[in-house]
Amino acid sequence: MSEQHIKLPEGSIEKTTTTLNLGPTHPATHGVMQNILELDGERIVSTEQTIGYIHRAFEKIAERRPLYQITPLTDRLNYCSAPLNNMGWHLTCEKLLGVSTPKRVDYLRVIVMELARISDHLICNSIVGVDSGAYTGFLYVMQYRELIYEIYEEICGSRLTTNIGRIGGFERNFNDIAFQKIEKFLDEYPRVLKEFENLFTRNRIFMDRLIGAGPISAERALNYGFTGPNLRAAGVDYDVRISNPYSSYQDFDFSVPVGTTGDCYDRFLVRNEEMWQSLSIIRQAMQKLTEFKGAEADVYHADVPEYYLPKKEDVYTKMEALIWHFKIIMGEIDMPKGEVYHSIEAANGELGYYMISDGGRAPARLHFRRPCFIYYQAYEELTKGSMLSDAIIVMSSLNLIAGEMDA
Amino acid sequence: MQLTNRAKPVDRRPMNAIERLYLWNILKGMMITIRHFFKKKATIQYPEQKRPFSQVFRGLHILNRDEEGRERCTACGLCAVACPAEAITMEAAEREPGEENLYREEKYAARYEINMLRCIFCGYCEEACPKDAIYLSQTFAPANYGRSGFIYKKQDLLIPNPVEDPEGFKKAQGEIARK
Ligand code: SF4
Ligand code: SF4
């Protein structure tokens, strides 16, 4: 409590603090989440988080769905980077089914995943700008996120809720336009990111605003279970892509940016640097793709006849293909019994899928480890004692996404 | 804490004398803004202008006909099974003698409805159809006055009959062929 605090007469039941409902529908929360703040003037005394405003019972729905129908559900976790969620889910299914994917599929996946990471970090960082009063950067980079969305559209036909890829690979091969668009993006994006950094990174107004806002120590972050950019900003170089490589990430050379204090500025810098690293990963993947020759250069899915749909021409003409087609679509194939946990480095941190299968046609139990849910627990610790306007910046720099928080 | 040998500390040096100047920061920002002022506009004048979609775009559904104008759908129900949003409803009926010019197979969908408010445009129905009958077109953003208007009936979904409207049929076929 501050010095100039109002003194109430003895025995008064009047409150000396103000209660402020930040959310659930508030333009600054960027999603449906509620914070009940107790304010002493501008200073936050305590906060209380409520969740569940867009709880859609995905884990329960998934218990009655064949594996392929769960992919569209994962789209809606972190909707800023839906392809990452989709890929994580496919990798989990493949782990349970024991499918190994060809290298080319892995590299194509890496390209899509890193594009998604860039678009997610771009949104997050530019929103930090918006919340600290700089709308300009957001406006300028949005058109380049559009380039990424156009690439998704070329591959899967949709832009936001992508439902991209299938168990074992992709639904179709990347066409030439998709590759041209990726090249174009690789060409244009560095200049844009440079300009974005020019606007923000060494800008005094921005630095003054962010440095020291919402810091967390490495120890506390680990205790909470932080992962991803938010943990790296606190100084722990934990990255699932390195510690537990999936989708052939071990073939790529990239570094892990780490911060020191774990404040908003560190998180901003870490995300910015990760975008550069992602760009370099995509370049390496594009380079590796050119090394496939002959029939290998057209592989876009693994050979999993029990889960990957047969070609449409065969379905129209051949009985056997038609039977498989029916079996897969109706979800009539029993899964192997077992338990799997697979996690990927999603844009926001470690996104894990824990699936228990009792040998039926749908998962017996499925749990999503959503990083946002964990970050939100630390929100009170990060904002207590700071100003109200810092609370907003902390929220956006943790990249709290309601869809991922609530599942 | 060090877990890998790939850590790279971010550049967090303190501000230097020039960076401390507010005026310099404002100037720098203004320069970027002014440069953008003279750049080509990124926006388009929707709805007069539309951006080209990819060939595999997932928009509103259409039900296909064959060259003689017969409905292809045989009411097998696979699309409804595949639909994660449970948006498709259908009723099957048997083809009577004399209706061969209307329906391609012996069984057809007497009623076929897609609730566009439920649909999430995932594209699974198109993938599931073994009869080349349902496709997602490039049309999107439907508008209507009431909820019931979003439940698309078979007649709303079917593409034009080549006998009555060869032009329209050709256009729809062109859209399908690109898939
Ligand atoms: S696009 Fe997906 S949600 Fe829509 S009707 Fe087809 S299967 Fe159902
Ligand atoms: S549209 Fe295709 S999948 Fe759906 S009922 Fe008709 S034939 Fe079967």
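P47(B) sits in the loop of chain B that runs between helix 1 (22-37) and strand 2 (61-63). In this predicted model, the peptide bond that joins Y46(B) to P47(B) is cis, with omega at about 5°. That loop is a handy place to begin a walk through chain B.

Chain B contains five helices and six strands. Followed along the sequence, these elements give the pattern β-α-β-α-β-β-α-β-β-α-α. The radius of gyration of chain B is 27 Å, well over the 16 Å that the globule rule gives for 179 residues, so chain B is more spread out than a compact globule. Along the principal axes, the C-alpha atoms of chain B fill a box of roughly 90 × 50 × 35 Å. Of its 179 residues, 26% count as buried. What share of the contacts in chain B with a separation of 6 or more comes from residues 24 or more positions apart? The share is 72%.

Three strands of chain B form an open sheet in the order 3-4-6, with antiparallel pairing. Strand 3 (88-94) and strand 6 (151-152) stand at the edges with a single partner strand each, so one side of each is left without a neighbour in the sheet. Strand 4 of chain B, residues 107-115, is joined to strand 6 of chain B by two bridges, and this pair runs antiparallel. One residue to look for here is N115(B), whose bridge partner in strand 6 of chain B is I151(B).

Chain B also lines the surroundings of two ligands. Around ligand 1 there are 13 residues, and those that come nearest are C83(B), C119(B), C122(B), Y124(B) and C125(B). By class, the shell of ligand 1 has 12 nonpolar residues, one polar residue and no charged residue. Ligand 2 is surrounded by 14 residues, of which C73(B), C76(B), C79(B), C129(B) and K131(B) are the closest. The shell of ligand 2 divides into 11 nonpolar, two polar and one charged.

Phi of A75(B) is near 55°, a positive value in a residue other than glycine. Is A75(B) buried or exposed? A residue is buried if 20 or more other C-beta atoms lie within 10 Å of its own. A75(B) has 23 C-beta neighbours inside 10 Å, so A75(B) counts as buried.

With 18 other C-beta atoms within 10 Å, S248(A) is partly exposed.

The two chains meet in a contact that takes 45 residues from chain A and 36 residues from chain B. On the side of chain A that touches chain B, the elements that give two or more residues include helix 5 (135-156), helix 6 (176-200), strand 4 (256-258) and helix 11 (264-289) of chain A. Helix 5 of chain A gives the most to this side, with five residues. Sorted by class, the side of chain A that touches chain B has 21 nonpolar, 15 polar and nine charged residues.

How many bridges join strand 4 of chain A to strand 1 of chain B? There are three, and strand 4 of chain A runs parallel to strand 1 (residues 7-9) of chain B. Within this pairing, V258(A) stands opposite P9(B) in strand 1 of chain B.

Helix 5 of chain A can also be followed through one of its residues, V141(A). V141(A) counts as buried because 22 C-beta neighbours lie inside 10 Å. Apart from neighbours within four places in sequence, V141(A) is in contact with L122(A), S126(A), V192(A) and F196(A).

How values were computed. Residues numbered from 1 in each chain as written. Chains lettered and ligands numbered in written order. Predicted model: local features only at pLDDT ≥ 70, side-chain atom pairs only at ≥ 80, totals over all residues. Helix = DSSP H or I, 4+ residues; strand = E, 2+ residues; numbered from the N terminus. Rg over C-alpha atoms; globule rule 2.2 N^0.38 Å. Buried ≥ 20, exposed ≤ 12 C-beta atoms within 10 Å, placed from the backbone. Contact = placed C-beta atoms within 7 Å. Near = placed C-beta within 6 Å. Nonpolar A, V, L, I, M, F, W, Y, C, P; charged D, E, K, R; others polar. Pairing = 2+ DSSP bridges.
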